[in-house]
Amino acid sequence: MNKHALLNADMNYLAATLGHTDEVTICDAGLPIPAQVKRIDLALTHGVPSFIATVKVWLASSQIEGIVLAQEFANVSPECHQALLAEIEAEQQASGRIFSIQYISHEAFKQRTGHSRAVIRTGECTPYANVIFKTGVVF
């Protein structure tokens, strides 16, 4: 059994098989997921699991180097956006690395999810609570 917090078998496998610059999307319950992309569906009910809780576990279990967000996120859901930025800042402090953050339109974001290795769907119902993480390396 793993010693870290990530217990989901599909997410563990995904983290173990990612290569440098691969992308993973963590999304709210409403983001359309392209049929050709692996779906890891964690959604149980409204808000469970939350977007932020899922992001925290993913950041503790994988190395990232970049983040992609929808431009609309900060304006429409500022509290959730700020909570995400706080988690990103905490991970930067813990890892001693600075991550690039790119903002694109929500439509472009939805298109970009088609390039993700997987989309992890949460039960989050906050509009635009979606993030694409670009995988980094641990060395």
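Mentor: A word on terms before we start: helices (H or I, at least four residues) and strands (E, at least two) are DSSP runs, numbered from the N terminus. This is a predicted model, in which local features need pLDDT of at least 70 and side-chain atom pairs count only at pLDDT 80 or more, while totals for chains, interfaces and linings use all residues. Residues are numbered from 1 along each chain as its sequence is written, and side-chain values use heavy atoms, with hydrogens and water left out.

Trainee: OK, where does Pro 49 sit?
Mentor: Pro 49 belongs to the loop that runs between strand 2 and helix 2.

Trainee: And what kind of peptide bond joins Val 48 to Pro 49?
Mentor: The bond between Val 48 and Pro 49 is cis, and its omega is about -10°.

Trainee: Which value of phi does Thr 21 have?
Mentor: Thr 21 has a positive phi of about 75°, although Thr 21 is not a glycine. You will find Thr 21 in the loop that links helix 1 with strand 1. Its relative accessible area is 40%, so Thr 21 is partly exposed, given that buried means under 20% relative accessible area, exposed over 50%, and partly exposed in between (1.4 Å probe, protein chains only).

Trainee: What about phi of Tyr 128?
Mentor: Tyr 128, again a residue other than glycine, has a positive phi, near 65°. Its place is the loop between strand 5 and strand 6, the latter covering residues 131-135. With a relative accessible area of 24%, Tyr 128 is partly exposed.

Trainee: Let's switch to helix packing. How do you describe two packed helices?
Mentor: Two packed helices are described by the angle between their axes together with the distance between those axes. The axes are lines fitted to C-alpha atoms, for helices over the stretch in contact, and angles run from 0 to 180 degrees between N-to-C directions.

Trainee: So what angle do helix 1 and helix 2 make?
Mentor: Helix 1 packs on helix 2, which spans residues 51-61, at an angle of about 40°, and their axes lie 11 Å apart. Helix 1 and helix 2 are therefore oblique to each other; angles under 35 degrees count as roughly parallel, over 145 as roughly antiparallel, 65 to 115 as roughly perpendicular and the rest as oblique.

Trainee: Which residues make that contact?
Mentor: From helix 1 the contact takes Met 11, Leu 14 and Ala 15, while helix 2 supplies Thr 54, Trp 58 and Ser 61. Contact here means heavy atoms within 4.5 Å.

Trainee: And helix 2 with helix 4, oblique or roughly parallel?
Mentor: Helix 2 and helix 4 (residues 78-95) pack at an angle of about 15°, with 10 Å between their axes. Helix 2 and helix 4 are therefore roughly parallel to each other. On the helix 2 side the contact is made by Phe 51, Ile 52, Val 55, Lys 56 and Leu 59, and on the helix 4 side by Cys 80, Ala 83, Leu 84, Glu 87 and Glu 91.

Trainee: What about Ser 116, buried or exposed?
Mentor: Ser 116 counts as buried, because its relative accessibility is 7%. The loop that holds Ser 116 lies between helix 5 (106-112) and strand 5 (118-121). Setting aside neighbours within four places in sequence, Ser 116 is in contact with Glu 23, Val 24, Thr 25 and Val 37.

Trainee: Then where is Val 37?
Mentor: Val 37 is in the loop between strand 1 (23-27) and strand 2 (38-41). At 7% relative accessibility, Val 37 is classed as buried.

Trainee: Which residues is Val 37 in contact with, leaving aside its neighbours within four places in sequence?
Mentor: Those contacts of Val 37 are Thr 113, Gly 114, Ser 116, Arg 117, Ala 118 and Val 119. By comparison, Ala 53 is 16 residues from Val 37 along the chain, and the C-alpha atoms of the two are separated by 23 Å.

Trainee: Last one: is Ser 62 buried or exposed?
Mentor: Ser 62, at 15% relative accessibility, counts as buried, and its place is the loop between helix 2 and strand 3 (64-70).
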